[in-house]
Amino acid sequence: MLVLGVDSSTQSTKAVLVDADDGTVLASRCAPHPPGTEVDPRAWLDAVDTAADGLLERAAAVAVAGQQHGLVALDSAAEPVRPALLWNDTRSAPQARALVAELGGPAACAAALGSVLVASFTATKLRWLAENEPDNAARVARVLLPHDYVSAHLAAPGTPVFTDRGDASGTGYFDAVAGAWREDLLVAALGHGAELPVVVPSHTAAGATGAGAVLAAGTGDNMAAALGLGLSGDDVLVSIGTSGVASTVAADPVADPTGAVTGFADAAGGYLPLVATINAVEILGLPERLLGVDHEQLADLALSAAPGAGGLVVSPYYGGERTPDLPHATGTWAGLSPATSRADVARAAVEALLCSLAEATDALTAQTGQDPQRVILVGGGSANRAVQVLAPAILDRQVLVAEPGEHVARGAARQAAWALSGRSSPPDWPLPVHLPPGRQPTPDAEQRADGAEVRRRYAALRERLGPAGLAGP
């Protein structure tokens, strides 16, 4: 049988048609989304119709994975009251701080929700809406996440709206341990109650499409990637895309009072401790534009420079930052000298990206008590040769790279196959990872020393910049 996995991401919708028995991708299509941190969510429906055209009809089951946290606020006629606010819209940072304080501070917030709220979380966007657009807030009758909205579009008429515990755990009004909505926290954020989706487990059909295919619960993009890659507690999945994400799976919940690690639920009945950064592949994109080079040329330049980039070090918070929580920070380059070369600029950018992700993996280890020995790189940035070469030393672990492909969409397809089977565990699909040719997966002693020194200098720069994350007068 064939199943369809859909990834409704920040940039586009990807749809993959997969063999339910072994996970082989047989066909795929893509449709773009409008740019921006707020988007009319109806554009995602047009995109899924385009991407799934010709594939949906062939599938016995379907699941949708989507970008986490986004606020889709609907009125009583199920129409959007305003454009959706996406995860990377940081305007609700003051509201995040206020909601955390109302819950009793960071430790109490983490204990209640598994996570300390930051501007990415849906609840903070609801509070922003209530404070800044009260007329729109008063019209809100139903609150959905992006994947819920797309799933509802694919569902047969009359199907109750639904979600899963994984994506729900990123809202700020869901108790991941109890597996239940905290409607009191929704009311506290929005100012009144609203309809929320039914929470459906991954192994259960949530409904059916108009053509009668099984429709699974769907999940958040990070949960789908973990499911698609068969992530275990021995692994850290590091995704380098628009955002940077380090995640692992755990049997026990995590509640980090510092807020660095979010205690999300996963799509398989456990937990997905996760660290997210706003800045990731753009850390390489900026120097590419400034130097006038493409991805390959930047990698060549970076690999031609010595470790430490001639003393150049970068604090790469160009768009503000989520982890560490610095929503108004800017990027800082330090250590420039007359001897600084183009190669040093390229090397410093790659080192900064990997240092940011190394901090994320270390935070996971500290909170879970697990010490994974293997890092799996995924996402567009993972294809950069300099990233692949330098990652083992700076991350200080064995590094493998996921095979090219739509891993979030494949994870959604695996969930669809699971719901179709009705079994207690997902289908056993091969792990799509490899060691890039000519790469050394595990750092030697000299590389470990170089990586440790790069990380020391990166941490020292951030310490000098202070809590605002930027240099000031």
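1. Basis of the note. The model is predicted, so that local features need pLDDT of at least 70 and side-chain atom pairs count only at pLDDT 80 or more, whereas totals for chains, interfaces and linings use all residues. Residues are numbered from 1 along each chain as its sequence is written, and side-chain values use heavy atoms, with hydrogens and water left out.

2. Seven strands in the order 18-19-17-16-22-23-24 make up an open sheet with mixed pairing, where strands are DSSP runs of E with at least two residues, helices are runs of H or I with at least four, and both are numbered from the N terminus. Two strands pair if DSSP finds at least two bridges between them. Strand 18 (262-265) and strand 24 (433-434) are the edge strands, each pairing on one side only.

3. Strand 17 and its neighbours. Strand 17 (residues 244-247) runs antiparallel to strand 19 (residues 271-277), to which 4 bridges join it, and Val-245 has Ala-276 as its bridge partner in strand 19. With strand 16 the pairing is also antiparallel, over 4 bridges; the two form a hairpin with 3 residues between them, and Ile-240 is bridged to Gly-244. In a regular strand the side chains alternate between the two faces of the sheet. Both faces of strand 17 are covered, with Gly-244 and Ala-246 buried on one side and Val-245 and Ser-247 buried on the other, buried meaning under 20% relative accessible area, exposed over 50%, and partly exposed in between (1.4 Å probe, protein chains only).

4. Helix 12 (residues 342-368) touches strand 16 (235-240), strand 17 and strand 19, and its direction makes about 150° with that of strand 19. Helix 13 (residues 385-395) lies across strand 16, strand 22 (374-378) and strand 23 (398-402), at about 145° to strand 23. Axes are lines fitted to C-alpha atoms, for helices over the stretch in contact, and angles run from 0 to 180 degrees between N-to-C directions; contact means heavy atoms within 4.5 Å.

5. Asp-266. This residue is in the loop between strand 18 and strand 19 and counts as buried because its relative accessibility is 8%. Its side chain reaches the backbone nitrogen of Gly-269 at 3.0 Å and that of Gly-270 at 2.7 Å.

6. Asp-234. Located in the loop between helix 9 (221-228) and strand 16, Asp-234 counts as exposed because its relative accessibility is 56%. Leaving aside residues up to four places away in sequence, Asp-234 touches Pro-372, Gln-373 and Arg-374.

Key: A polar contact is a pair of N or O atoms within 3.5 Å; within protein, one must be able to donate a hydrogen and the other to accept it, and residues adjacent in sequence count only if both atoms are side-chain atoms.
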